[in-house]
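Thanks for coming, everyone. Let me put the chain up on the screen, and then we'll walk through it.

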Amino acid sequence: MEKITILWADDEIDLLKPQVMFLEQKGYDVITVTNGHDAFEECTTNSNIDVIFLDESMPGMTGLDTLTKIREVNSNVPVVMITKNEEENLMEEAIGSQITDYLIKPVNPNQILLTLKKIIDNKRLVREKTSSDYQQEFRNIFMQINSGLNFEEWADTYQKIVSWELKLDSTNTTDMADILSMQKSEANTEFSKYIAKNYLDWVNKRSEGPIMSDTLLREKIFPNINSKVPTFILLLDNLRYDQWKTIEPTLSELFRLESEDYFYSILPTSTQYSRNSIFSGLMPSEIQEYYPEWWKNDNEQGGKNLFEKNLFGEQVKRVLHKEIKFDYIKITNAENGKNLVDNIQNYLNNDLTVIVYNFIDMLSHARTEMEVLKELASDETAYRSLTKSWFENSFLWTALQIIAEKKIQLFITTDHGTIRVKQPTKVIGDRETTTNLRYKVGKNLQYDRKDVLDVRDPKQALLPRPNVSSTFIFAKEDKFFLYPNNYNHYNNYYKNTFQHGGISLEEMIVPIVEMTSKA
């Protein structure tokens, strides 16, 4: 092990020689000084200091004064405050100045050793413990995946996998992360088989299924609308369950988690279908039947989500059977985001406010186009980190901080997730065939049947039929569709990008969360 260097500042350092000798015998290198000025000078001239022990009650420059000066030149070095004083305000001030730990005099050698182990070995010990725990859990997850799960158990298994992804993220345990990634791929293989077997029965109500896009609002949100407390629905496009868990700690600073649940996105797991379904409370073929002027098929020109507010208003009337004051706001650019911050207090006068925020959707699409984003979001861990960084610096978080000062309830959800695609599968279609990489709708499609769920009669899946012979195909697992033309070029271009529209745990099992402001 590389030698650890400790700087110990105490005006009574001579009385601490037994402790210093004990540490040196344990292999630590200890530099001793008797005052704050010398401690600060040592920090400015010696870049090898790993830990600082700082006496709080030194004459002249006190321990807290010294700590403040040290933090000006080194904000990261761990500092242990050693004090005779247990006064609460002193400890609060020390902790506020970013000490790592504190000890009460007299200190014995074993206390010091334990503190050092916590500081120096903490990351290694956490990493080893996490790896060990996952190795024990690996077999349990493996057995679950292959035990014929129902839709609730699949959601539970996926959430377990995400939980381990986040734990391994924080410990940088590459070997275990690779094993977990393979286990998630195996889970997606079995999940795709499960969806292919059950999906049509669910949407046609031939068997009990999960809450899905078309039933989300009336099952999970409308029953909780309270005329005395403003309700906000925040729909973050493309928000996967792991991304929700990444931003949850930030939101929890100001909001209390009341419930965390899931629903299944309908197929295709794309904005045009799933989001229209959420806001209308209908399946796509029903939207086309009842509101033909508000529905466009894939092969038709024009925006496909231009009438969400209208569809939402119709669902409110149909389900709630009463007039409520509501607004629907869609954020697609920075100017929209700034307007949201400027106007957010006005929405507190509504019974219900819907905010659709498109950033994560734009991020996943931009990543395909921009080389710099491919590097920034090169894998799942980086993608989660980028989501967290965006959220904490977004107009959205600024707006939420403003309304958190009032009593509100906040529902956070999405329309679908995304998956990082890795395996190309060839498809052949005519000019009318859609361009999406995870689903296709067209005539006379040719494809590898083992890679897809095909629906030759779209009405069976409650989907519109653009033409008499239209077929929908949905990519399973982490497959993505490529045409034979320029196959290698497009394979290199799209491989490892985040896409949606098909069948995977990440795309279909997505969060619905209820929070209330702590104010």
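First, a term: a salt bridge here is a side-chain nitrogen of Lys or Arg within 4 Å of a carboxyl oxygen of Asp or Glu. On provenance: this is a predicted model, local features need pLDDT of at least 70, side-chain atom pairs count only at pLDDT 80 or more, and totals for chains, interfaces and linings use all residues. Residues are numbered from 1 along each chain as its sequence is written, and side-chain values use heavy atoms, with hydrogens and water left out.

Salt bridges, then. By that rule we count 32 of them. Take Arg 240 and Glu 380: their side chains meet in a salt bridge, N to O, at 2.5 Å. Why is that pair worth a look? Arg 240 sits in the loop between β6 (231–236) and α10 (241–251), and Glu 380 is in helix α17 (residues 380–392), so the pair ties together parts that are 140 residues apart in sequence. Helices (H or I, at least four residues) and strands (E, at least two) are DSSP runs, numbered from the N terminus.

Are these two buried or exposed? Both Arg 240 and Glu 380 are buried. Buried means under 20% relative accessible area, exposed over 50%, and partly exposed in between, with a 1.4 Å probe and protein chains only.

Next pair: Glu 507 and Arg 438, also a salt bridge, 2.5 Å from N to O. Glu 507 is in helix α20 (residues 505–508), while Arg 438 is in the loop between β12 (423–428) and β13 (439–442), 69 residues apart. Glu 507 has 0% relative accessibility, so it counts as buried. Arg 438 is at 0% as well, and therefore buried.

Now Arg 465 and Asp 457. Their closest N and O atoms are 2.6 Å apart, a salt bridge. Arg 465 is partly exposed at 32% relative accessibility. Asp 457 is partly exposed too, with 27%. Elsewhere, salt bridges that share partners build one network: Glu 165, Asp 169, Lys 184, Arg 240, Asp 242, Glu 380, Arg 384, Arg 420 and Glu 506.

On to the cores. A nonpolar core is a set of buried Ala, Val, Leu, Ile, Met, Phe, Trp, Tyr and Cys residues joined through side-chain atoms within 4.5 Å. The largest has 79 residues. Which members touch the most others? Trp 154, Phe 191, Ile 195, Tyr 199, Leu 251, Tyr 264 and Leu 400. Helix α8 (residues 174–203) gives the most to this core, ten residues. Leu 251 touches Trp 244, Phe 391, Trp 397, Leu 400, Ile 412 and Met 515, leaving out residues up to four places away in sequence. Contact means heavy atoms within 4.5 Å. Another core lies apart, with 21 residues, among them Leu 217, Phe 312, Val 354 and Ile 512.

Now the sheets. Two strands pair if DSSP finds at least two bridges between them.

Which residue of β19 is the bridge partner of Ile 412? Val 513.

β12 and β14 run antiparallel, with two bridges between them. Val 427 has Tyr 447 as its bridge partner in β14.

Last stop: Ser 285, in helix α12 (residues 284–290). Ser 285 counts as buried, at 17% relative accessibility. Ser 285 touches Leu 462, Leu 463 and Pro 464, not counting residues up to four places away in sequence.
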